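Below are my notes on the model you sent.

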Amino acid sequence: MNATSSRRLVSGGALYGRAAAWNPPPMTASTDPYLLRVLLWCGPCDVPMHPHPHGGERTYKCPLGCRKVPFSAEAVEAVTWTAAERRASVSAIAPPFRKSVLEQLLVKVVVRANTPDDLRFIWRT
Ligand SMILES: [Zn+2]
């Protein structure tokens with residue numbers, strides 16, 4: 001997908017996909033504090049990571065226990081949202097709608113190392 005067509009995905013606060021191939025659900029507001037609840041995957045283990053409150057901090061955890069250090073939710077969510085802003089015109093979208101927008105734009109976010117800046121984004125096409 002080129003940059004022009006991906007920008008067309010988002011227009012006026014609603015997302016539009018190719019009608020026949022993929023009908024995006026309407027944007028919904030979320031009160032889930034974990035923006036990447038269904039999108040974040042552990043790269044080395046190839047399994048979904050789970051939200052994991054840790055000492056008052058929001059973190060994600062690999063269920064196979066491969067990571068010694070809790071993975072900060074705030075950092076990985078900020079990096080992912082910045083990537084989404086580059087991918088489509090989503091910067092004006094209010095925080096409660098961001099989870100829904102990310103789930104419409106992304107198949108998954110793969111965490112490759114223990115840092116939130118080494119992510120692989122698998123975008124819907
Ligand atoms: Zn793992």
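1. Cys66 has a relative accessible area of 34%, so it falls in the partly exposed class, between the 20% and 50% cut-offs. Note that this is a predicted model.

2. Cys42, by contrast, is buried, its relative accessible area being 0%. That value is under the 20% limit for burial.

3. Both residues belong to the zinc site. The protein donors of the zinc ion are the SG atoms of Cys42, Cys45, Cys62 and Cys66, at 2.2 to 2.3 Å from the ion. Cys42 lies in strand S3 (residues 40–42), while Cys66 sits in the loop between strand S6 (57–61) and strand S7 (71–72). The two are 24 residues apart, and the pair links distant parts of the chain. Along the chain, the donors follow the spacing C-x2-C-x16-C-x3-C.

4. What geometry do the four donor atoms give around the zinc ion? The arrangement is tetrahedral, because the angles subtended by the donor atoms run from 99 to 115° and the criterion requires all angles to lie between 85 and 135 degrees. For reference, the ideal angle for four tetrahedral donors is 109.5 degrees.

5. On the fold, the chain has three helices and nine strands. Their order along the sequence is α-β-β-β-β-β-β-β-α-α-β-β.

6. Of the contacts between residues at least 6 apart in sequence, 50% join residues at least 24 apart.

7. The chain has 125 residues, of which 33% are buried.

Note on methods. Residues numbered from 1 in each chain as written. Predicted model: local features only at pLDDT ≥ 70, side-chain atom pairs only at ≥ 80, totals over all residues. Heavy atoms only, no water. Donors = N, O, S within 2.8 Å, 3.2 Å for Na, K, Ca; no water. Tetrahedral: all angles 85-135°; square planar, octahedral: opposite > 155°, others 65-115°. Helix = DSSP H or I, 4+ residues; strand = E, 2+ residues; numbered from the N terminus. Buried < 20%, exposed > 50% of the residue type's maximum accessible area, 1.4 Å probe, protein only. Contact = heavy atoms within 4.5 Å.
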